[in-house]
Amino acid sequence: MKIFLNTIKELTSSTKLLLILYTLIAIKINFIDFSLTPDEIKFLAWAKSIQWFQTPSPEDFGQLYWLFLKTISTIVPSFLYAEVAKIIFAGLLYLGLFSCVYYADTSKLKLYCIALALTSPLFYWSGKMIGPEVLSISIVFFGLALHSVNKNKLSFLVIGLAVGAKLTVLPVLIYILINKLFDHFKIRDLFIYGLLFCLGFLIANPTDNVSLITRLIETRGDASQSLLYSFKWVLSVINFRPEHKMTWDLIPHNSFQDLTFFWFTFVLILFGALLTNKKLFLSYIVFLIFHLIWVIKGNSGAGFPWYWMSLVPVSLHVFSNLNLGLSIFNNRYFSKINLGIIIILCSFIQSSSVIVAQIHQKQYQKQNIVDFGEDYMCFLKNYKLDDLKVMKRVGFEEESRFQLPMYEYVMEPTGDKWKNILNEDFYLLISSRFFYGDTFSQNILKNRNKLLGRCGDILIFRIYSE
């Protein structure tokens with residue numbers, strides 16, 4: 001605690017102001033606009049119902065994640081379970097952000113690191129905050145902070161915990177290993193680091209480590225598939241956002257840039273490392289290449305944006321150890337425009353639209369839930385003309401906090417269409433937000449279903465049986 005308080009005292013007023021502003025935004029996103037995604041609802045329900053040390057671990061997530069959630073469900077009253085879980089996970093990500101100040105030596109560099117971090121959409125995520133990715137990536141932030149202050153043994157143990165919680169962060173181990181190889185070290189030290197990493201992994205998975213170790217070395221898809229996905233990945237970088245895509249639960253799904261940084265930011269950091277720290281440049285570029293191979297080969301494709309989260313803490317660590325005061329323009333009018341400012345400004349300009357969209361989506365979802373009662377009464381008064389069942393897709397938790405509405409209204413995707421497997425007609429009340437961008441919901445328009453009208457934000461469809 002003393003170290004923490006001393007660190008706060010060392011921060012400049014500008015850094016403190018940035019942290020205060022982000023605190024207000026985080027409160028707005030996670031608490032004032034409290035709402036859950038389907039995965040959050042599902043994970044909360046599973047954690048409450050599964051056994052302690054469940055084997056095999058659901059969804060190939062580390063046991064640490066499920067134990068963490070189950071502990072919350074046991075300690076906290078049921079009516080506060082979801083809210084408290086959200087507060088804890090959002091708090092972990094916030095602490096991960098704060099730990100960036102340990103990556104840099106000077107107050108000015110700490111300011112630069114926090115400023116660049118806050119240009120990443122990761123810290124404004126509207127997706128599954130109560131998920132293993134947030135737990136894992138928060139631990140990665142802590143591990144790199146320990147690595148920065150030369151607590152090497154502890155950092156490898158912590159990174160082992162992070163990988164044990166979610167396997168997608170394994171490339172971070174490669175990054176810190178290469179960093180250590182450039183230092184003066186003994187083979188015995190490297191052996192100890194490896195043992196500590198394995199110990200952290202085993203602590204995160206005390207009774208289900210064999211299946212996860214198997215998953216670590218497992219690959220999916222053949223070489224031709226991997227090459228195809230690599231080509232698509234390159235295209236997504238060159239031609240960023242040719243169309244706005246979302247997952248079925250309205251989480252951005254364009255490319256890795258939705259939750260990390262824009263590709264040009266990585267190029268600028270690489271350029272800065274090449275100019276000022278060639279050893280760091282080598283560590284970083286090997287990490288980036290390994291991360292690309294790890295995600296594409298290990299997940300049968302480029303994967304979801306959250307598979308790439310570990311790019312953020314490692315990029316911030318590299319950025320904090322560059323000569324950010326390097327002058328870019330040899331001109332007295334722009335003498336204060338240095339490498340650090342250029343990278344931060346470019347990242348902010350490129351990522352701001354994603355950040356705004358995510359904040360808007362969360363606010364939109366919360367407002368749908370608040371207004372649903374009034375909109376539903378409008379439906380009953382003006383559109384419910386017969387005794388058909390009514391299915392809803394509005395805010396995910398208005399029916400039951402632990403029921404996944406996608407299963408409730410029994411429509412299944414078949415190719416590029418939806419199939420009604422209820423075998424009878426029904427009304428579908430669906431928020432207009434599900435027609436934002438390219439989502440599965442839009443496919444109901446390709447069938448002979450009829451749009452009856454609108455009540456507030458709710459679109460009312462009659463879905464016909466086959």
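Author: Happy to; this is a predicted model, and the questions below take up some of its parts in turn.

Reader: Why is Ser310 called buried?

Author: Its relative accessible area is 1%, and buried means under 20%, so Ser310 counts as buried. Ser310 is found in the loop between helix 14 and helix 15. Leaving aside residues up to four places away in sequence, Ser310 touches Ile137, Thr168, Val169, Val172, Phe287 and His291.

Reader: What makes helix 3 roughly perpendicular to helix 5?

Author: Helix 3 (residues 38-49) and helix 5 (residues 81-98) pack at an angle of about 110°. Angles of 65 to 115 degrees count as roughly perpendicular, so helix 3 is roughly perpendicular to helix 5. The axes of the two helices are 11 Å apart.

Reader: Which residues meet where helix 3 packs on helix 5?

Author: From helix 3 come Glu40, Leu44, Ala47 and Lys48, and from helix 5 come Tyr81, Ala82, Ala85 and Lys86. By class, this contact has 5 nonpolar, no polar and 3 charged residues.

Reader: How do you know that strand 4 and strand 6 pair?

Author: Pairing takes at least two bridges, and strand 4 and strand 6 (residues 458-463) have 6 bridges, in the antiparallel sense. In one of them, Ile430 has Leu459 of strand 6 as its partner.

Reader: And what makes strand 4 mostly covered?

Author: In strand 4 (residues 426-431), 6 of 6 residues are buried. One face holds Phe426, Leu428 and Ile430, the other Tyr427, Leu429 and Ser431, and both faces are covered.

Definitions and conventions:
Residues are numbered from 1 along each chain as its sequence is written. This is a predicted model: local features need pLDDT of at least 70, side-chain atom pairs count only at pLDDT 80 or more; totals for chains, interfaces and linings use all residues. Side-chain values use heavy atoms; hydrogens and water are left out. Buried means under 20% relative accessible area, exposed over 50%, partly exposed in between (1.4 Å probe, protein chains only). Helices (H or I, at least four residues) and strands (E, at least two) are DSSP runs, numbered from the N terminus. Axes are lines fitted to C-alpha atoms, for helices over the stretch in contact, and angles run from 0 to 180 degrees between N-to-C directions. Angles under 35 degrees count as roughly parallel, over 145 as roughly antiparallel, 65 to 115 as roughly perpendicular and the rest as oblique. Contact means heavy atoms within 4.5 Å. Ala, Val, Leu, Ile, Met, Phe, Trp, Tyr, Cys and Pro count as nonpolar, Asp, Glu, Lys and Arg as charged, and the others, Gly among them, as polar.
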